[in-house]
Structures are given as structure tokens and as C-alpha cells.
Amino acid sequence: MNVTTNAARLVRQVLAGEVWPALADRHAYRVGPDGQPFLLPGMGGVTLGVHCGDPATGYASDHLEPGASVRHRDSGANMALQFLTCVGNEVRVASGPAAGAVGHVIGQHAYVLADFAEAAAADLTAGDAVTVLALGQGLALAEHPAVVVKNLDPGLLARMPGGSRPDGRLEVHVAARVPAEAIGAGAGMVSEYANTDLMGAYQGLGEDLSLGLEGLRIGDVVALADADHRYGRGYRAGYLTIGVISTGQCMLFGHGPGPSTLLSGPAEAFCLVDDPDANLASWLHPQAAVAEPGGERPGAAIPGRAR
Amino acid sequence: MTAGQRAAGRSGPSALRPVAVNLLGVVEQPAFGDSPYRVDRDGRPYVPVGDGGIVLGLQLGDSVYGLAGDHAAPGACLVHPDPASRHALASYACIGNPVRVRTGAAVGAAGVVLGQRGEAGRVIVGLGQSDLGRIRPGDEVAVRACGQGFRPPGLPADVQIMNLDPALLDRLPVQLPDEADGAGAPVTVGVRMSVPSRLAGNGIGRPAVAWDLDLQLAPPGPGELLLGDLVAVADIDARYNVGYRRGWVTVGVVGHGASPLPGHGPGITPILTGPAAALRVAADPAGHVGLTGAMVQLQ
């Protein structure tokens, strides 16, 4: 993105995390929109076969978290991991048979979500240690003071299309536009943690549930209408939030594919360009990020400053 | 026919009698982390006051915007030290359930459940102002919980009722159809206002038997809104978690006041949810009378 930032002044931290197991309780079932009981995988552990660029919906899954779901055992250290980790940050596997594999953060969902190439993900499991190079909180756009940046690695920002326009607006390419009616669970939470579930994307269920969002893909950059995520997540007419779809199919009612927050500000500060290629897969394809142990760190080539 | 309509026949048996259970609640003390500050919707730090615990000087019929509070409720919030027991307390307690103080200086004082709050779970209870001034955090309060599973005769089959003491239904502005109205006649509910689903905030995606639904109505709001008012939210289905369903409506009772937090605001405890054709709402912004202190003998 062609934009002046303070990326050179940001602090990079090395954080430890652990691939977290999927969790269940002895009652097993949860309840879908029409009262249907379900037991479906998706949260926690390592979810295989779904990566950035793949459809977000259409799976027999609930809260599908592509790739590895990562936490820290200590509650305070875990919140630091969740708050400081940004979309686009490099994640390196630090133990187990996949040690040395490199992936990227695609979002937060009360877990840090890290997408790896399928071959690396196949060797990962719960308990494996990962190292996150956290960078991005505090990122600011000098020419766009009304736009708040959150959870966004400056290297990813540099690779995204768009940027400052002569009319003073920030051009952002988006794969989908989301109406305010779609905002589900996550409203009222801080915007550095978990994500905003989008309703209206229950593929295969009733038309009265649909808001036309069944075509979302994992990694899509989306625009949320009338959403102000500058200081948390809330409705505010005339504001706009840009996010990246980091989770997929849900059966739990009031939930759905969810964007992690990247940018938020008054709608007039943005110029949206509809672009089906506005997806993390265009800039962070995990196939290109596989590195041998001890090899050059792929992220080192990402510029910290766009111009 | 939609999937929701097909499933409506499962919304609950009507001939079964509701069961009452005595539960123990403990008067809450508000809790903070290491920092006193929260950040409001405009980015300003503030110290939340009234977010749980005992709130004095706030009653049913007062404006949700009247105090500089955060989720302030008209009375005392009850919790339980065991998380599972606390969830059960919030899930089973229903608006209108009688409560009685069992320990402390106000022992014997009677009150009533006015609503609930989600996440870890809280039950909001109203007491007389003199009794509220004598209780303290840690006092034990017995709750006679009754209402989940209740279905009044005549309630349209695809309308679900929840969080409501069976004895309170007749006193609220809820008109059930009778036999003369014929099959398929709707239930009609008087409300202060109807708001669109995009204003539904915290509580979306959560179970309506245990959570409230915050309405993102920043002061001064679209019009006066009082604690105890009934409010309708369009296109929200609250039967199985709270979520968007076009053509449905959910009605709740306002149980706590406004909040500076983004995504939060005055909260309703849902009592009725169903298709708009079967659950009709009649908004009366000036003359609406919802749940009042006189109705539950708090005055």
C-alpha cells in the first residue's frame, strides 16, 4: 500500500505460543439456528485442508479456524500474545516434527490463528511450540490521522494494493462489503482480541438467515459498514472498518465467518475498490513461506516502510 | 416454508407445568482489574461505576440515560462463587421471580428479579430503596426461580417465551389471542420502541436464557427509554442463541442502563421471540407502560 507509516519506529517482540487442543465438554452438543443439535470440528488444534483463498463456508464445521490455533498457558502471557500478534506476522514452529516450518498469522479468534502450507500443517499438532514475531500494534498512517490501524503487520500493509490518493482518502481493495445487519458475536469486545462473527453466511440453511455472505473466502479483505472498531467494536453510522476473514463456517447461531480488524475510521476517509483478489493468499501464500530450519527468514525481505 | 418455520413446532411443550427451584444468590461487589479505566466509544478513558453490585437511587421507570454509570441496574446484582452455579442462577432466574434476603441487616426483605446479565452471569434484583441501603455485598439472597419451559395457553406455536415468571405475564402489556380470534392469531405486545437489528450489540450469538442483549443506543438515544420498558428488536431470533433472522422479532424488558463502551448500551432480557406475523408489536413512544415497581410491589 502506497502510504507513509511509522513502521520504522515500531517495536518487534518474540513471543512464545503453543498449538492449543480442541476443547469439548461431556454434553457434546451445541445448538444451531433452527434448534438442530450439532457436534462439529473446527476450533482448536490444527485444522487441515483449508487455507487463505479457500471458501470460508460450505464445511461440516463450527467456527472453522484454518491452520494452527495458538495460545499461551499463562493467562497474562496469553493476553499479551493475543493482543500483540498482528495479521501477517511470521510464525515459526519451534518443536515437534514440523520444527522450522514458517507460516503467517491470519487473525485472532481468542486463539492466534496461523496458516501454514498443508505439508507443514500435516506434521503439526497440539502441544507443539511456536514462535511469533509480533510486530504492528502502534502502526499509524501519517497522512490519514482519522484511520486507526490495528492488528496489521507493516510488511503486509506494504504488499496490499491501494494507498494514499490525491483526494486525501485511503484506497483499500476489498473482496466483499458487509452490511451492519451481519455483525454477530464479538460486538462489544475489544478489537485486538478474537474477531467479529458475521451472520448471514449459513450455507445450506434457510433463506431467512441469509445476508448474501456465503461466498466469503478465508483471507478475504472485507469492509464492514457502519462499524467503528477504533476503541472496541460497535455500531456507528458513517464509520467503516476493514477486516480480514480469519475464521469460517459456523453452525452456532449468531456466529459465522469472522473478520479480524485491520483499519477503522470515518467512511469518508476511505476509497473502497472492489477487487476479488483482495485476499491474504495474494500476498502471504503459505506455500511460498516454507523455510528449512536455519534458512533465511522469509519475512526479512518484507519492507518495514512502504516508501 | 423456511427452516425456521419448520423447526418452530419444536419450540416447546405447552401442556407441561413449569417447575420452581430455590437457588442461592450472593450480592455482588463490582470487580476491577489492575487498571481503573475502560475506554469509551470516543476513545476516552473512564472509570466504570455501577457495573454490577448494589446501585442506590435507581429504580424501574428511571431513564436508562439518567446516571453517569456503566450498565447500572435498578437494584442489586446476584452472583454465585461457583461458576457453574452462577450460570445456573442466571439461566433459571426469570423476571418476576420472588427473592428474599437470608442474611445480613436486611434479612427477611423481599424483592423481585428484574432481569439478567450475561457472560459470567448476573441476576438483577429489585428491592425497596431502604432495603437496598441495608444489604451489603456477600449477603445471601434466595431466588425462587420459575419460568423457563413455561408456555401460556394460546401462545402461537412458533412464538417462544422465556425468562418470565408465569405470574407476571398477565400484568405486562401482552395480549394473547383467545379462541374467538381463531387459529393463527398473533400475540400482541406493547413496547416503547422497535429498533433495527443492526443496533443489537453485546449478547448477539449468546444464549438468551442466560444473557441480556445490549442495544447500541448512545445517549440521548432515539427517544426516551426507561428501565422496565419493553423494547422490540426487528429481525432477531432469540430461541437458540441470539441471531439475525429476517422477518422475526424479539421483545425484551430493559434491565440496565446505558454504557459508554462501544457495542454496549441499555440491555434487554428477552421474553418473547417469534415471526413478526405471529408476534405483533405496538410501539407507543409516549404512553408505553412496561414493567413497573408497583406491578411487582417494590413501592
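You're looking at a predicted model, where local features need pLDDT of at least 70, side-chain atom pairs count only at pLDDT 80 or more, and totals for chains, interfaces and linings use all residues. Residues are numbered from 1 along each chain as its sequence is written, while chains are lettered from A and ligands numbered from 1 in the order in which they are written.

**Chain A overall**

- Chain A has 3 helices and 17 strands; helices (H or I, at least four residues) and strands (E, at least two) are DSSP runs, numbered from the N terminus.
- The radius of gyration of chain A is 18 Å, close to the 19 Å that the globule rule gives for 307 residues, so chain A is as compact as a globular protein of that length. That radius is taken over C-alpha atoms, and the globule rule is 2.2 Å times the number of residues to the power 0.38.
- Of the 307 residues in chain A, 56% count as buried. Buried means that 20 or more other C-beta atoms lie within 10 Å of the residue's own, exposed means 12 or fewer, and partly exposed is in between, with C-beta atoms placed from the backbone.
- Among contacts in chain A with a separation of 6 or more, 73% come from residues 24 or more positions apart. Two residues are in contact if their C-beta atoms, placed from the backbone, lie within 7 Å.

**Two domains in chain A**

- Chain A splits into domain 1 (7–136) and domain 2 (148–282), with bounds that come from an automatic or database domain assignment.
- The C-alpha centres of domain 1 and domain 2 of chain A are 19 Å apart, and the contact takes 38 residues from domain 1 of chain A and 38 residues from domain 2 of chain A.
- On the side of domain 1 of chain A that touches domain 2 of chain A, the elements giving two or more residues are α1 (75–84) and β7 (102–108) of chain A.

**Two domains in chain B**

- Chain B is divided into domain 1 (3–9 + 154–283) and domain 2 (21–145), and their C-alpha centres lie 22 Å apart.
- Domain 1 of chain B puts 34 residues into the contact and domain 2 of chain B puts in 31 residues.
- On the side of domain 1 of chain B that touches domain 2 of chain B, β16 (243–256) and β17 (267–275) of chain B give two or more residues, and β16(B) has the largest share, 4 residues.

- Most residues other than glycine have a negative phi, and most peptide bonds are trans.
- A:His63, though not a glycine, has a positive phi of about 50°. A:His63 sits in the loop between β4 (46–47) and β5 (67–71) of chain A, and counts as buried because of its 26 C-beta neighbours inside 10 Å.
- A:Asn151 isn't a glycine either, yet has a positive phi of about 60°. A:Asn151 lies in the loop between β10 (148–149) and α3 (154–159) of chain A.
- B:Pro219 and B:Pro220 are joined by a cis peptide bond, with omega about 5°. B:Pro220 is in the loop between β14 (213–214) and β15 (230–237) of chain B.
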